[in-house]
Amino acid sequence: MDLLIFIVALSILVLVHEWGHFIAARKTGVKVEEFGLGLPPRIVGKKIKGTIYSLNWLPIGGFCRLYGEDPSTGSGQALLEIKNKNESFQYKKPWQKLIIVLGGVIMNLVLAIVVFGVVYTIVGIPKEVDRVTIVGISENSPAKAAGLKKGDVILKVADIEIKKTDVLINEVEKYKGGKVILTVIENGEAIHELSVQVRDNPPEGEGSIGIAISNTEMEPIAWYRIDKGIVVGFREAFYWGKIILSGLFGMVGNLFSGQVPKDVSGPIGMYQATSSINKDQGILAVIHFFGIVSVNLAVVNVLPFPALDGGRIIFVLYEMITKKRANQKVESAVNNFGMLFLLALILIITIGDVRRLITW
């Protein structure tokens, strides 16, 4: 079931991206030669109003093939031999090309905002409160050994009143290597004190006592106020966009310094995350996760790298500035190089996923 959820969700994200290109192409008069569900080889296809709608064997994603899109070929013809220039991508005005290229990115962002909006309309809008709640406890951690539970509210660290997560973290850090007394509310009623060991060198991602905390709670909203959920969804899409962009710059910097990315996951890692989230938090959390992935697809695709939408934007901008199209052979060679590089990067990341899976 987890695998089915993963394949369906990822296919929807890619199809929405390609549908953005499809709609933009239709609106600007570019012929869509084929719109495919899955990746070739083709199982079956039907031509409707000049476009082949196909079902393909590889069940992840999809594609949108435009007439005259490739700078070196167009429906098997050399660019200069294309008969119907009015329907060719290459012969459209630069601003029209820009709309088509950006169509996929825009649709991924719109999808993410809608996903976040729907999820928040169902579960409520995040609201900061003046109390810190335990939302997760690591196995074999000091917190687990001391008897702390998910849902407990931490009132005090020693004699210091706690209302914010950063205050709790800073206060607990003062007791590294020793023990600290926490005053907590259990089940919203009983108040008691627990002595908890504070580790000097905790496992990565666990923290000194092994708890995940939050001072955010979900405020319910009426189902018909989905607009409130969408507003929060827009903010979250922007937030994740900044986080992802920052992470990508860090990854590129590490690549240039000869370091292999360690905290980056490919399809296998994404499947593991989907399975874990579905098991621990349920289907709404999985939907929210793929909202984040949709933002990720938008940000990655808009990067100015060959073979990505952002790389194509560079050639369109060149055409806008110089008033002439880029050299066909150069554009094709650059995009082919970019594709090879991306495939190599995906292979490296997948190998890392497999190694983590084996040692997990």
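Ser-195 has a relative accessible area of 40% and is therefore partly exposed; buried means under 20%, exposed over 50%, and partly exposed in between (1.4 Å probe, protein chains only). This is a predicted model: local features need pLDDT of at least 70, side-chain atom pairs count only at pLDDT 80 or more, and totals for chains, interfaces and linings use all residues. Residues are numbered from 1 along each chain as its sequence is written, and side-chain values use heavy atoms, with hydrogens and water left out.

**Ser-195 and its surroundings**

Ser-195 lies in strand E7, residues 190-197. Helices (H or I, at least four residues) and strands (E, at least two) are DSSP runs, numbered from the N terminus. Apart from neighbours within four places in sequence, Ser-195 is in contact with Ala-146, Lys-179, Val-180 and Ile-181, where contact means heavy atoms within 4.5 Å. Ala-158 is 37 residues from Ser-195 in sequence, and their C-alpha atoms are 9.6 Å apart in space.

**Backbone exceptions**

Most residues other than glycine have a negative phi, and most peptide bonds are trans. The peptide bond between Pro-40 and Pro-41 is cis, with omega about 15°. Pro-41 belongs to strand E1, which covers residues 32-48.

**Nonpolar surface patch**

Ile-106, Val-110, Val-114, Val-118, Ile-122, Val-123, Met-218, Ile-226 and Ile-230 make a nonpolar surface patch of about 670 Å². Helix H2 (94-123) and helix H5 (226-256) are the elements that give two or more residues to this patch. H2 supplies the largest share, 6 residues. Ile-106 is in helix H2 and is partly exposed, with a relative accessible area of 47%.

Patches are made of residues with over 30% relative accessible area and no salt bridge; nonpolar side chains (Val, Leu, Ile, Met, Phe, Trp, Tyr) are joined within 5 Å, and like charges within 9 Å. A salt bridge is a side-chain nitrogen of Lys or Arg within 4 Å of a carboxyl oxygen of Asp or Glu. Accessible areas come from the Shrake-Rupley method with a 1.4 Å probe, and for residues only the protein chains shown count as cover.
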